[in-house]
Amino acid sequence: MDALNLALRAVAQPGDVVAVESPTYFGVLQALESVHLRAIEVPTDPRTGFDLPLLERAIRRHGVRAVVSMTTCQNPQGTVMSDAAKEELVSLTARHDVALVEDGVYAELVYDETSRRPAKTFDKKGLVIFCGSFSKVIAPGLRIGWMETGRFRDRVEILKGITSLMTSALPQLAVTELLESGFYDRYIKRTRLQCADQISKYIQALTDAMPAGTRMTRPAGGNLLWVQLPNGVNGTRLYQRLLEQGIGVFPGEIFSAGAKHRGFIRVGCGMPWSPVIERAIGIIGRSCRELMR
Ligand SMILES: Cc1ncc(COP(=O)(O)O)c(C=O)c1O
């Protein structure tokens, strides 16, 4: 989050327009709002990612200053853009001299080793800022991430100095040791396999539990499922009903500034598979049916 905030402040001024994926991670929308940037939402396909022709149209029409994209394991859809699409995204933004903020927080969790290349690797003009993190692979409480800032390096360094001087050295040194020891490489391979196995169990259980007409993503990585509810069921009402029963999902409407995606929920699949989870998924299905009556 620190990297995203710094990146947004480095590439845009209050009042500027920033293009985001729709649906997108609510933290991006909150960060934009907090620095008085305006979001324009561009449809994002669960299989292929950003709709690039529509993105180009938005850039032309609305004087977009920057684009934020989770190119690899999009939150909430789990999409991994192809290398060709990533390259096209970078050349499209470069053509219009627009900065690209690449949020790669889930990038290490792509199941298929071959498709983990960031859009940043196609950056020739230094207009792409890559934001990475250990939150999703080691521990969110560490608060350690990194940035590759391209031509915005000086500005980002000044902004980081103004806001927090530097990130605490001790957890940085601990992560360095973990990386140098070789443990991290073994651990991350195991974690990817675990993630892929876990999400397929969640998908199967949800497929069995949810009413006909439910659709869901088949993510290429990460631990999030984006679930489209059967006709008429409101994701926010389902979220509230589940919360009363101690089950946490996210309502689809918070993944858009304009409260679109009301007919969706995001199900986190990070908890290891267990009878408790199986029961919880049964309750999601039953609660959804009740809302259809
Ligand atoms: C897409 C995305 N970006 C950024 C973040 C924030 O990550 P961190 O905990 O490393 O600040 C999250 C956390 O859920 C996320 O899902």
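This tour goes through helices, helix pairs and a few single residues of a predicted model.

Start by selecting residues 26-34, which form helix H2. Colour its buried residues: Phe26, Gly27, Val28, Leu29, Ala31 and Leu32. Next, show what covers them, which includes H1, strand E1 (17-22), E2, E4 and strand E10 (250-251). Just after H2, stop at His36, where phi is positive at about 60 degrees.

Step back to the loop between E1 and H2, where Pro23 is placed. The peptide bond that joins Ser22 and Pro23 is cis, with omega about 5 degrees.

Now select Ala39 in strand E2 (residues 38-45). Ala39 counts as partly exposed because its relative accessible area is 34%. Apart from neighbours within four places in sequence, Ala39 is in contact with Val18, Val20, Leu29 and Leu32. Two of these contacts, Leu29 and Leu32, are among the buried residues of H2. For a sense of distance, pick Val175 as well: its C-alpha atom is separated by 34 Å from that of Ala39, and the two residues are 136 residues apart along the chain.

Which residues does Ser256 contact, leaving aside its neighbours within four places in sequence? They are Leu29, Glu41 and His261. Leu29 leads back to H2, where it is buried. Ser256 itself is found in the loop between E10 and strand E11 (264-268), and its relative accessibility of 5% makes it buried.

His261 lies in the loop between E10 and E11. With a relative accessible area of 17%, His261 is buried. Check its backbone too: phi of His261 is positive, about 60 degrees, although the residue is not a glycine. Most residues other than glycine have a negative phi.

**Helix H4**

Move to residues 83-95, helix H4.

Select the buried residues of H4 next: Ala85, Lys86, Leu89, Val90, Leu92, Thr93 and Ala94. They pack against strand E3 (49-50), helix H3 (52-62), strand E4 (66-69), strand E5 (99-103) and strand E6 (128-133). After H4 comes Asp97, with a positive phi near 55 degrees.

**H3 against H4**

H3 passes H4 in a right-handed crossing. To see the contact, show Leu52, Leu55, Glu56 and Ile59 of H3 with Ala85, Glu88, Leu89, Leu92, Thr93 and Arg95 of H4. These residues divide into 6 nonpolar, 1 polar and 3 charged.

**H1 against H5**

Select helix H1 (residues 2-11) and helix H5 (residues 153-164), which pack at an angle of about 120 degrees with their axes 9 Å apart. That angle makes H1 oblique to H5. H1 passes H5 in a right-handed crossing. On H1 the contact is made by Asp2, Leu6, Arg9 and Ala10, and on H5 by Arg155, Val156, Leu159, Lys160 and Thr163. By class, the contact has 4 nonpolar, 1 polar and 4 charged residues.

**H7 against H9**

Go on to helix H7 (residues 183-209) and helix H9 (residues 275-292), whose axes come within 9 Å and cross at roughly 35 degrees. This crossing is right-handed. Show Tyr202, Ala205, Leu206, Asp208 and Ala209 on H7, then Ile277, Ile281, Gly282, Gly285 and Arg289 on H9, to display the contact. The residues of this contact divide into 6 nonpolar, 2 polar and 2 charged.

**Last stop: Arg143**

Is Arg143 buried or exposed? Its relative accessible area is 51%, so Arg143 is exposed. Exposed means over 50%. Arg143 sits in the loop between E6 and strand E7 (145-148). Its phi is near 60 degrees, a positive value in a residue other than glycine.

Methods: Residues are numbered from 1 along each chain as its sequence is written. This is a predicted model: local features need pLDDT of at least 70, side-chain atom pairs count only at pLDDT 80 or more; totals for chains, interfaces and linings use all residues. Side-chain values use heavy atoms; hydrogens and water are left out. Helices (H or I, at least four residues) and strands (E, at least two) are DSSP runs, numbered from the N terminus. The expected span of a helix is 1.5 Å times one less than its number of residues. Buried means under 20% relative accessible area, exposed over 50%, partly exposed in between (1.4 Å probe, protein chains only). Contact means heavy atoms within 4.5 Å. Axes are lines fitted to C-alpha atoms, for helices over the stretch in contact, and angles run from 0 to 180 degrees between N-to-C directions. Angles under 35 degrees count as roughly parallel, over 145 as roughly antiparallel, 65 to 115 as roughly perpendicular and the rest as oblique. A crossing is left-handed if the near helix is turned anticlockwise from the far one by less than a right angle, and right-handed if clockwise. Ala, Val, Leu, Ile, Met, Phe, Trp, Tyr, Cys and Pro count as nonpolar, Asp, Glu, Lys and Arg as charged, and the others, Gly among them, as polar.
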